[in-house]
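Could you look through this structure with me before we discuss it? My notes are set out below as numbered points.

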Amino acid sequence: METIWFILVALMITAYVILDGFDLGAGILHLVLAKTNEERRTVIRTIGPVWDGNEVFLLAGGGTLFFAFPALYASSFSGFYLPLCIVLWLLIGRAIGIEFRHHLDSTVWTGFFDASFCFSSALLAIFFGAALGNVVRGVAIDKDGIFFAPLWTSWRVDNDPGILDWYTVIAGLVALVALAMHGALYIAVKTDGTLNQRARKSAAILWPVLIVITIASLLGTVSVRPQILDNFRNHPVGLVVPVLVIFALTGMIAFSRRGQDRNAFLSSCLYLAAMLVGAAFGLYPNVLPARNDPANSLTIYNTAAGHHGLAFGLIWWGLGMTLAVTYFVVVYRMFRGKVTTDASGYGH
């Protein structure tokens with residue numbers, strides 16, 4: 001039962017990264033792709049109907065984590081208290097940038113909200129990537145499952161690390177570049193004309209950077225946590241993951257060059273999913289490794305709720321996710337098609 005809930009939590013985190021990832025990517029590139037006020041309105045309108053709904057998976061993932069692995073929730077939310085507060089402020093800054101931009105007819109305030117949307121999105125991507133880097137690298141956990149990670153200590157990966165070091169910075173840069181490309185490919189799907197061409201050009205520029213930073217992150221991961229390869233050695237089915245990553249990276253640029261924007265975007269979705277699945281596969285059954293003493297690591301077994309609660313919770317989780325998925329299908333179908341600068345709605 002613990003394994004089932006581990007998979008469900010990983011699935012919800014993956015869904016959040018894929019769905020809200022293109023929102024963040026659109027924000028990262030907002031000031032780069034859109035040169036005029038009309039183009040910036042168009043970029044925001046590509047995500048306008050769905051961005052807040054996409055964040056449901058962040059809340060649902062946190063709620064599922066609290067339900068299934070309460071000890072992990074308690075330990076991680078107190079240990080990562082400072083970065084969590086920063087993330088909350090960045091989420092607020094991004095929402096303000098999106099929602100308030102249209103309510104004030106002022107060049108100064110419009111510029112401020114555009115900057116808030118862009119920089120909050122970029123910093124969120126970096127912090128989310130660094131968060132995953134912390135989980136993979138591990139933190140200093142005592143025998144009671146308690147830890148506190150400062151923003152940084154030294155930049156070395158030692159047995160008492162902070163949130164930021166050379167490895168987690170690389171993880172943050174992977175997220176920044178990957179989500180920027182994800183957003184560029186999504187904007188290419190949703191727009192025509194100049195914006196579409198700029199989005200494709202941005203994807204072409206970001207693609208080699210993404211390859212280099214992906215290789216650097218994989219080498220860094222093996223360096224700071226060589227144990228992550230154990231599950232791949234013991235269960236060769238996991239070797240499908242790097243194959244999918246290579247296939248996705250190839251598909252992103254190949255389809256984009258052919259003008260097949262939807263397939264390029266789907267390749268980006270596959271890349272993000274494969275990277276996250278690979279991390280989860282390598283960590284299992286750990287959910288937060290301890291760098292100071294592996295015996296103190298938090299696993300799916302010593303952090304899970306009772307068996308009866310986990311079994312009963314599957315029913316309610318299934319009902320809730322059925323409603324959520326139905327909502328997403330309806331909304332995405334309703335707002336399908338291209339966004340235009342001169343239309344009041346979406347083209348079909």
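The points below go from the overall fold to the cysteines.

1. This is a predicted model, in which local features need pLDDT of at least 70 and side-chain atom pairs count only at pLDDT 80 or more, while totals for chains, interfaces and linings use all residues. Residues are numbered from 1 along each chain as its sequence is written, and side-chain values use heavy atoms, leaving out hydrogens and water.

2. The protein contains 14 helices and two strands, counted as DSSP runs (H or I over at least four residues for helices, E over at least two for strands).

3. The C-alpha trace spans about 60 × 40 × 40 Å along its principal axes. The radius of gyration of the protein is 20 Å, which agrees with the value near 20 Å for a compact globule of 348 residues; the radius is taken over C-alpha atoms, and the globule rule is 2.2 Å times the number of residues to the power 0.38.

4. Of the contacts (heavy atoms within 4.5 Å) between residues at least 6 apart in sequence, 76% join residues at least 24 apart.

5. Buried residues make up 49% of the 348 residues, where buried means under 20% relative accessible area, exposed over 50%, and partly exposed in between (1.4 Å probe, protein chains only).

6. The structure holds zero disulfides, a disulfide being a pair of cysteine sulfur atoms within 2.5 Å. Cys118 is buried because its relative accessible area is 8%, whereas Cys85, at 26% relative accessibility, counts as partly exposed.
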